[in-house]
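Me: I'd like to go through this structure with you, one piece at a time. Could you keep the answers plain?

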Amino acid sequence: MAGMEKDTPHAMHDLGGVAKFMCEAVDITPHALTDFDKQVDAIRGILGAKGIMTVDELRRGIEAIPEADYHRLSYYRRWVRSITDILLQKGVVTEAELRSALEAG
Amino acid sequence: MFAPGTAVRVKDDWPETRGPVHIRTPHYLRGMQGTVVRHLGSFRNPEDLAFARPAPLRALYHVRFDQPSVWHEGRAGDELQVEIYEHWLEPL
Amino acid sequence: MNIVETDGERLLLALRGVLAAKGIASAAEIAERIAITDSASPGQGARMVAKAWTDPAYRTRLLEDGSKAAEELGIPMRGMPPLGVLENTAELHNLVVCTLCSCYPRAVLGYPPFWYKSAAYRARAVRDPRGLLAEEWGTVLPEGVRLRVVDSTADYRWMVLPQRPAGTEGWDEARLASIVREGDMIGVTIPKAG
């Protein structure tokens with residue numbers, strides 16, 4: 001029934017009117033972007049400009065993050081997880097390449 | 001094409017219950033009645049772009065909803081105005 | 001552990017390395033893009049608002065085609081999503097949200113603020129906008145003013161053209177722009193003469 005679905009939607013990112021956030025305060029204090037944030041943002045823009053990954057794919061990747069992780073991760077940590085996931089799915093990067101880079105770094 | 005002023009209903013469909021999708025029609029509008037404000041242009045369907053599938057152009061509309069009717073709470077006269085793709089709209 | 005669950009900072013470093021090695025994103029390209037994005041800020045939107053307040057013909061153009069009007073003021077809009085401008089009037093106040101993610105008119109306002117991206121804002125803005133505005137920002141609309149919440153779900157990006165406040169008669173554009181804040185152009189606050 002439509003009324004029930006409004007409080008708890010099927011897709012966890014679909015947050016309009018979701019009951020469990022209706023009583024949550026909004027932190028309106030300024031939060032400067034970190035270098036991490038800006039780099040992730042920039043990489044997404046470059047991937048978009050080069051036709052490698054669209055913003056729609058980014059969103060789809062974010063929406064696939066399990067609900068608990070979605071709310072635990074900061075905004076740009078969701079992005080880097082989605083970007084990695086999508087680029088792996090599309091074969092733009094391989095897991096072996098990333099693991100190798102992780103070990104080196 | 002929906003002309004401005006056309007009464008429409010957002011489809012009461014829930015594709016997210018049937019498999020992995022990327023939907024840009026908010027849950028709270030499914031099955032709701034609204035009025036077309038204007039045609040915003042045509043854009044490639046994000047539902048397909050999200051999966052790197054060929055994405056056809058779809059007409060995008062700005063649609064107005066009576067806010068208290070959507071939530072059964074709120075101030076009379078307040079509204080919601082949301083971009084909805086043509087394939088999510090049915091004429092009344 | 002699934003590799004995508006790796007700590008974000010480590011993952012970013014690894015991703016940067018792999019993307020650089022493949023010639024997809026070099027350090028220089030990343031730095032350049034950051035510089036471009038950093039150059040956008042609410043000050044750009046404020047200039048547009050101030051001009052609309054003083055130049056009725058510009059105001060009409062702004063409401064007709066926000067992207068073109070932004071470009072008139074030297075704001076780069078090529079490749080950016082179309083910009084829609086929502087006019088506040090004596091009868092109607094607009095509020096912008098993206099309940100599904102964080103769509104925001106970045107080209108004219110810069111990065112979205114932290115609160116705009118929060119679950120609480122995204123949930124409350126469409127369901128209890130008046131409560132949200134009053135409780136978090138102390139914004140209470142005058143009697144008889146209706147509220148329209150615009151949920152950015154698709155290809156457009158939306159900014160609010162607030163009403164020019166009383167007490168600003170005779171001000172030049174620069175002075176007017178100085179009182180237009182980021183929140184005024186999203187709709188959570190209303191500009192004041194100061």
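**How the chains meet**

Reply: In this model, which is predicted, helices H7(A) and H1(C) pack at an angle of about 115°, and their axes are 8 Å apart.

Me: Which hand does the crossing of H7(A) and H1(C) have?

Reply: The crossing in which H7(A) passes H1(C) is right-handed.

Me: And which residues meet there, between H7(A) and H1(C)?

Reply: From H7(A) come A:Glu97, A:Leu98, A:Ala101 and A:Leu102, and in H1(C) they meet C:Arg10, C:Ala14, C:Gly17 and C:Val18. Sorted by class, the residues of this contact of H7(A) with H1(C) are 5 nonpolar, 1 polar and 2 charged.

Me: Left-handed or right-handed, as H6(A) passes H1(C)?

Reply: The crossing of H6(A) with H1(C) is left-handed. In H6(A), the residues A:Arg77, A:Val80, A:Arg81, A:Ile83 and A:Thr84 meet C:Gly8, C:Leu11, C:Leu12 and C:Leu15 in H1(C). By class, this contact of H6(A) with H1(C) holds 5 nonpolar, 2 polar and 2 charged residues.

Me: Zooming out, how many residues do chain A and chain C each put into their contact?

Reply: Chain A contributes 43 residues and chain C contributes 41 residues to the contact. On the side of chain A that touches chain C, the elements giving two or more residues are helix H2 (19-22), helix H3 (35-49), H6 and helix H7 (95-104) of chain A.

Me: Which of them gives the largest share of the side of chain A that touches chain C?

Reply: That is H3(A), from which 9 residues come. The residues on the side of chain A that touches chain C fall into 21 nonpolar, 9 polar and 13 charged.

Me: Switching topic: how many helices and strands are there in chain C?

Reply: Chain C has 9 helices and 4 strands, and along the sequence they follow the pattern α-α-α-α-α-β-β-α-α-α-β-β-α. The C-alpha trace of chain C spans about 55 × 35 × 30 Å along its principal axes.

Me: And what does the domain assignment of chain C give?

Reply: The assignment gives domain 1, covering 7-38, and domain 2, covering 42-185. The centres of domain 1 and domain 2 of chain C, taken over C-alpha atoms, are separated by 31 Å.

Me: OK, now chain B. How many residues of chain C are in contact with chain B?

Reply: There are 15 residues of chain C in contact with 17 residues of chain B. On the side of chain C that touches chain B, helix H7 (119-127) and strand E3 (146-151) of chain C are the elements that give two or more residues, and E3(C) gives the most, with 6 residues. By class, that side of chain C has 7 nonpolar, 2 polar and 6 charged residues.

Me: How many bridges join E4 of chain B to E3(C)?

Reply: Strand E4 of chain B, residues 79-85, is joined to E3(C) by 4 bridges, and the two strands run parallel. In this pairing, B:Glu79 stands opposite C:Arg148 in E3(C).

Me: What is the order of the strands in the open sheet?

Reply: The open sheet has 7 strands in the order E5(B)-E1(B)-E2(B)-E3(B)-E4(B)-E3(C)-E2(C), and its pairing is mixed. The edge strands are E5 (89-91) of chain B and E2 (92-97) of chain C, each of which pairs on one side only. From one strand to the next, the twist averages 35°.

Me: In what sense do E2 and E3 of chain B pair?

Reply: Strand E2 of chain B, residues 33-44, and strand E3 of chain B, residues 57-66, pair in the antiparallel sense over 8 bridges. Along that pairing, B:Arg38 stands opposite B:His62 in E3(B), and B:Arg44 has B:Leu57 in E3(B) as its bridge partner.

Me: And over how many bridges do E3(B) and E4(B) pair?

Reply: E3(B) and E4(B) pair over 7 bridges, in the antiparallel sense. The bridge partner of B:Leu60 in E4(B) is B:Tyr85.

Me: Last one: which strands does H7(C) lie across?

Reply: H7(C) lies across E4 of chain B together with E2 and E3 of chain C, and runs at about 150° to E2(C).

Technical notes: Residues numbered from 1 in each chain as written. Chains lettered and ligands numbered in written order. Predicted model: local features only at pLDDT ≥ 70, side-chain atom pairs only at ≥ 80, totals over all residues. Left-handed = near helix turned anticlockwise from the far one by under 90°. Contact = placed C-beta atoms within 7 Å. Nonpolar A, V, L, I, M, F, W, Y, C, P; charged D, E, K, R; others polar. Domains from an automatic or database assignment. Pairing = 2+ DSSP bridges. Axes fitted to C-alpha atoms, helices over the stretch in contact; angles between N-to-C directions.
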